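Reader: Got a structure I'd like to go through with you. Can we start with charged pairs and then move to the ligand?

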Amino acid sequence: MVGLFVNKHIVNPTTKLIKSAEKIVSGDATKTNEKKKNEITDLTDAFNYISVEMKQNLNEATRQKKQMETILLHMTDGIIAFGIDGDIIHINPAAITFLGLEKDDNTFEKIFKKLNVDINMEKVIYLENWTSSEQKVKVGERYINMFFAPYKDENDRPGGMIVVIQDITEHVRLDNMRKEFVADVSHELKTPITSIMGYADTLLEGEYEKEIQDKFLNVIATEARRMAKLVSDLLTLSRYDNSKTSNEKTEFDLGELVKKCQEKLQIEIGKKHQEVECFVTANVPPIFADKYGIERVVLNILTNSIKYTKEFGKIKIYVGFVYNNAYIKIIDNGMGIPKEDLNRIFERFYRVDKARSRELGGTGLGLSIAKEILDQNNGSIDIKSIVGEGTEVVIQIPTKQ
Ligand code: ADP
């Protein structure tokens with residue numbers, strides 16, 4: 001590109017200029033003074049033309065170079081251009097950061113040896129027939145993907161190599177999460193299935209008294225219900241994940257909804273002889289949200305308080321309004337959550353005590369579903385807890401204003 005430019009705007013006029021100069025120097029005796037004067041004027045014009053053109057072309061080349069450098073400087077991907085000898089021709093800041101390079105890392109060989117990448121520049125250029133190759137490495141805590149692409153010069157000969165570097169840490173993290181999730185789901189489903197199969201086979205194999213038969217059938221029914229709850233929770237999660245929820249937003253009264261949830265759980269509360277009090281301040285404006293989803297959240301938080309609080313325990317619910325947000329605060333004096341588990345309880349399948357949660361019919365998905373629903377309603381959920389003292393959950397949802 002620059003070559004063509006130089007050829008058209010500098011080389012061609014220069015050739016013309018040389019020819020004019022030669023004509024003058026040849027000193028033809030028959031030339032009149034007038035003719036000589038004209039030739040000198042032509043020469044001066046040509047000089048002036050070249051000097052203006054050169055200035056313009058240099059400005060244009062500098063502008064293009066600056067533009068290119070600015071693009072490379074601000075690119076989020078890293079770029080390194082190597083010459084055929086393996087020396088760096090250009091490197092942008094992203095490449096230096098991603099690969100953790102230092103001043104001394106200034107050749108192809110040094111850089112990729114340091115990163116433990118088995119790549120040979122000549123091999124990529126000469127043996128692999130101009131195809132680009134790709135490598136993944138871990139640099140510190142980051143996962144990096146690199147594309148190696150050889151380039152040719154204007155004579156169609158190998159010119160060197162361009163390496164494009166991308167930070168794929170988030171990608172890898174999501175991929176690992178997906179794999180873990182599939183493993184967790186399989187594990188969670190396997191436990192009740194094994195139990196159901198075991199008890200069903202035992203019942204089929206022998207003659208048992210009615211009392212034992214009932215006991216086994218009860219286990220089968222409980223495990224089947226657990227599986228149904230798990231599948232239903234997974235479907236809810238997937239519906240919210242894909243934002244395909246058909247639950248439209250409506251305007252409703254949060255205090256009324258919370259009281260309705262408390263009534264729905266009255267049997268569980270009664271079984272544990274717990275004392276549940278609900279206080280609604282008078283000034284809570286109606287909220288505009290997915291009513292079914294918010295009800296699900298409140299039911300889950302309240303169920304947790306009931307589940308993880310002993311018999312005769314106390315649960316207090318406050319519904320109020322602060323800074324354009326309606327809030328629900330649910331405080332129990334139950335077993336509490338250890339500090340180290342607090343920032344993980346919103347993860348799918350995370351439970352402080354797996355066995356206890358299972359025993360109480362938990363799937364470990366309740367809080368992650370609650371978080372997902374609140375995110376989609378521009379709300380938030382915060383949990384504070386002290387082991388042995390109790391837990392406080394605060395949900396905030398913007399009001400219609
Ligand atoms: P689960 O189905 O196990 O209850 P959740 O996602 O609803 O799943 O809660 C995750 C974990 O957080 C629970 O297993 C429990 O260990 C802990 N947890 C939640 N709420 C409370 C609470 N009020 N008191 C003590 N622990 C709680």
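Author: Start with E60, which forms a salt bridge with R63. This is a predicted model, and in it the closest N and O atoms of that pair are 3.2 Å apart.

Reader: Where do E60 and R63 lie?

Author: Both are in helix α2, which covers residues 33-74. E60 and R63 are three residues apart there, about one turn of the helix.

Reader: And how many salt bridges does the count come to?

Author: The count comes to 21 salt bridges.

Reader: OK, ligand now. Which residues come nearest?

Author: There are 20 residues around the ligand, and N304, S357, T363, G364 and L367 come nearest.

Reader: What does S357 put by the ligand?

Author: A polar side-chain atom of S357 sits 2.6 Å from a ligand oxygen atom. With G364 the backbone is involved: one of its N or O atoms is 2.9 Å from an oxygen atom of the ligand. L367 also uses a polar backbone atom, 2.8 Å from a ligand oxygen.

Reader: How much of the ligand does the protein bury?

Author: The protein buries 96% of the 530 Å² that the ligand exposes when taken alone. The space the ligand takes is the largest pocket.

Reader: Which elements give two or more residues to the shell?

Author: Those are α10 (291-307) and α13 (366-376). α10 gives the most to the shell around the ligand, with four residues.

Reader: What's the shell like by class?

Author: Around the ligand the shell has 10 polar, seven nonpolar and three charged residues.

How values were computed: Residues are numbered from 1 along each chain as its sequence is written. This is a predicted model: local features need pLDDT of at least 70, side-chain atom pairs count only at pLDDT 80 or more; totals for chains, interfaces and linings use all residues. Side-chain values use heavy atoms; hydrogens and water are left out. A residue is near a molecule or strand if one of its heavy atoms lies within 4 Å of it. A polar contact is a pair of N or O atoms within 3.5 Å; within protein, one must be able to donate a hydrogen and the other to accept it, and residues adjacent in sequence count only if both atoms are side-chain atoms. Accessible areas come from the Shrake-Rupley method with a 1.4 Å probe; for residues, only the protein chains shown count as cover. On a 1 Å grid over the protein atoms alone, a cavity is a set of points where a 1.4 Å probe fits but cannot get out, and a pocket is an open set with protein on both sides within 12 Å along at least five of seven lines; lining residues have an atom within 4 Å of a point. A molecule sits in a cavity or pocket if more than half of its atoms lie within 2 Å of its grid points. Ala, Val, Leu, Ile, Met, Phe, Trp, Tyr, Cys and Pro count as nonpolar, Asp, Glu, Lys and Arg as charged, and the others, Gly among them, as polar. A salt bridge is a side-chain nitrogen of Lys or Arg within 4 Å of a carboxyl oxygen of Asp or Glu.
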